[in-house]
Amino acid sequence: MRRAAEGKAVCFAVLLVLAASAWAQPAHSDIDGALAALVRWAPLIGEGFVLNVLISVIAMTVGTVLGLLLGLGQVARMRWLSRLSAALTQFFRNAPWLVLLFYCIYVLPFRITLVGTTLAIPNWVRATVGLTLPVMANVSEIVRGAVQSVPSGQWEGSASLALSRSQTLWLVILPQCLKRMLPPWMNLYAILLMSTPLASIVGVEEALTMTRNALGAERRSELLIPFYGALLVAFFLACWPIALLTRRLEARAAV
Amino acid sequence: MDLIESLFRELNASAGINLTIVYDPFDRSRFWSGFLMTVYLAAAALLASLALGVLGAAAQKSPIAPLRWLTDGYVAFFRNTPPLVQMYFFFFGLGSITPTVPDDLGFPTPLIGNVAWAIVALALFAGAFNVEIFRSGLEAVPKGTAEAATALGLTRLQSFRLVVLPLAFRTCLPALNNNLVNLVKTTTLAYAIGVPEMLYVSNQIWSDALNVPEMMTMLLLVYIGLVSLLVWAMHRWESAMRLPGFGER
């Protein structure tokens with residue numbers, strides 16, 4: 001039943017954009033004008049979209065590694081370490097993504113000097129750092145939740161087999177967590193990909209910036225809806241398969 | 001008050017930590033109005049998104065098929081597109097075709113301003129999540145409960161309103177809590193369409209007073225305070241409405 005609903009979602013999306021564009025067209029112009037403009041600008045906007053994907057992949061990779069460490073810190077035996085990790089996690093989880101992004105854009109240096117050579121740090125790298133922080137905090141919570149969802153009998157069983165705490169964690173607990181962590185992790189990736197347009201606010205030339213540039217060059221108000229609508233559809237087509245796959249994995253795990 | 005003001009002036013002079021929003025009345029009033037705008041955006045979008053969530057969850061159960069498709073489509077589309085692009089689509093896209101009215105000076109101004117569009121975009125975004133949350137809550141109530149209520153002589157509507165809905169609401173409260181926190185954080189996106197909320201006014205202040213790190217940190221702390229307050233209040237409410245016999249403790 002759910003799968004049938006998904007098919008309709010695409011129809012809905014396309015319908016929404018088409019209807020809105022048709023409504024926006026003045027009587028003398030036709031829909032081909034908007035379509036032609038869209039095709040003309042598609043390569044440039046597509047280039048921007050590649051940057052969106054690149055930012056999201058880097059932020060996800062680094063964020064996952066850091067988040068894994070932070071999450072393991074949260075379940076650590078040492079009281080100070082778990083407290084510190086929990087505080088860091090809550091801090092970066094509760095701060096708005098956009099504010100963290102601003103923070104990194106303004107506070108991180110725009111170039112660094114390493115043994116005599118000056119390295120310029122482009123805007124998009126700093127934006128990626130800004131997006132990595134909330135990803136890290138969210139992964140940390142996913143790890144903690146997964147570790148705590150493993151029945152305590154597993155810990156006791158491993159202890160009776162004379163495994164040390166770190167052996168239990170790496171050989172018994174984490175392999176089981178992997179399956180539980182995958183759906184929320186993929187969900188997080190979709191959220192991250194949907195958050196990459198935030199980087200346009202701080203001047204990174206990704207898809208949304210490119211769309212605005214294209215619209216600025218065209219100077220035709222009837223193109224506003226088709227262009228932004230097409231961008232919405234592009235993101236939808238990228239995020240929606242992830243959502244579908246996540247739902248399928250969750251359904252499999254639930255049985 | 002004067003003492004605090006002079007204290008922060010002193011802090012600026014001695015340590016170089018320039019928190020103009022504490023001692024400068026103009027900056028203080030700007031920041032305060034930004035704070036109020038953020039709260040207003042969050043509250044308005046919250047109420048609208050809750051209404052959307054309830055309506056959507058009801059529509060998903062409707063016998064009219066097109067209404068169900070429309071709701072499913074709305075939920076899938078708004079959950080899987082970037083909220084910022086949604087906001088641009090609404091404000092710049094749909095805003096370009098909405099009628100304009102002349103303002104006091106005779107210039108045409110859009111009938112629906114940027115604040116209203118921000119609320120519309122935020123409500124539609126959060127509402128899509130709320131529909132799913134309410135649906136899962138309603139599905140979590142065992143069918144037998146509603147049947148038992150009907151067996152006691154309640155009408156279908158009564159059993160829904162008095163038995164199913166209160167139970168469903170308690171089940172979905174944690175997820176709702178999560179979504180509402182997200183909504184408060186998403187209000188920052190209104191910055192992009194020029195709504196003078198907290199991030200926007202902070203940007204103005206740090207551009208004037210050149211105190212970027214101080215204002216940034218302040219902003220971050222205020223947001224975390226706001227979110228923590230909401231989380232705390234919702235947790236209190238959650239435990240006050242807790243059903244005996246469910247969950248731990």
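Colleague: Where in chain A is Ala162(A) placed?
Modeller: This is a predicted model, in which local features need pLDDT of at least 70 and side-chain atom pairs count only at pLDDT 80 or more, whereas totals for chains, interfaces and linings use all residues. Residues are numbered from 1 along each chain as its sequence is written, while chains are lettered from A and ligands numbered from 1 in the order in which they are written. Helices (H or I, at least four residues) and strands (E, at least two) are DSSP runs, numbered from the N terminus. In these terms, Ala162(A) belongs to the loop between α6 and α7 of chain A.

Colleague: What is the phi of Ala162(A)?
Modeller: Most residues other than glycine have a negative phi. Ala162(A) comes after α6(A). Although not a glycine, Ala162(A) has a positive phi of about 70°.

Colleague: Is Ala162(A) buried or exposed?
Modeller: A residue is buried if 20 or more other C-beta atoms, placed from the backbone, lie within 10 Å of its own, exposed if 12 or fewer, and partly exposed in between. Ala162(A) has 7 C-beta neighbours inside 10 Å and therefore counts as exposed.

Colleague: How many residues of helix α6 of chain A are buried?
Modeller: This helix spans residues 152-160 of chain A and has 9 residues. It is hardly covered, and its count of buried residues is 0.

Colleague: Where does Arg219(A) lie?
Modeller: Arg219(A) is a residue other than glycine with a positive phi, near 55°. With 7 C-beta neighbours inside 10 Å, Arg219(A) counts as exposed. Its place is the loop between α8 (207-218) and α9 of chain A.

Colleague: Which residues does Gly63(A) contact, leaving aside its neighbours within four places in sequence?
Modeller: Gly63(A) is part of helix α2 (residues 31-74) of chain A. Because it has 26 C-beta neighbours inside 10 Å, Gly63(A) counts as buried. Two residues are in contact if their C-beta atoms, placed from the backbone, lie within 7 Å. On that criterion, the partners of Gly63(A) are Thr132(A), Val135(A), Met136(A) and Val139(A).

Colleague: What percentage of the residues in chain A are buried?
Modeller: Chain A has 9 helices and 2 strands, in the order α-α-α-α-β-β-α-α-α-α-α from the N terminus on. Of its contacts between residues at least 6 apart in sequence, 75% join residues at least 24 apart. Among the 255 residues of chain A, the buried share is 37%.

Colleague: Which element gives the largest share of the side of chain A that touches chain B?
Modeller: In this interface, 39 residues of chain A are in contact with 36 residues of chain B. Elements giving two or more residues to the side of chain A are α1 (2-24), α3 (79-94), α4 (97-107), α7 (165-195) and α9 (224-254) of chain A. By class, that side has 33 nonpolar, 4 polar and 2 charged residues (Ala, Val, Leu, Ile, Met, Phe, Trp, Tyr, Cys and Pro count as nonpolar, Asp, Glu, Lys and Arg as charged, and the others, Gly among them, as polar). The largest share, 11 residues, comes from α9(A).

Colleague: How are α6(B) and α8(B) oriented to each other?
Modeller: Axes are lines fitted to C-alpha atoms, for helices over the stretch in contact, and angles run from 0 to 180 degrees between N-to-C directions. The axes of α6 (residues 114-140) and α8 (residues 156-186) of chain B come within 8 Å and cross at roughly 155°. Angles under 35 degrees count as roughly parallel, over 145 as roughly antiparallel, 65 to 115 as roughly perpendicular and the rest as oblique. The two helices, α6(B) and α8(B), are therefore roughly antiparallel.

Colleague: What is the handedness of the crossing of α3(B) and α8(B)?
Modeller: Helix α3 (residues 25-60) of chain B packs against α8(B) at about 140°, with the axes 9 Å apart, which makes α3(B) oblique to α8(B). A crossing is left-handed if the near helix is turned anticlockwise from the far one by less than a right angle, and right-handed if clockwise. The crossing of α3(B) and α8(B) is right-handed.
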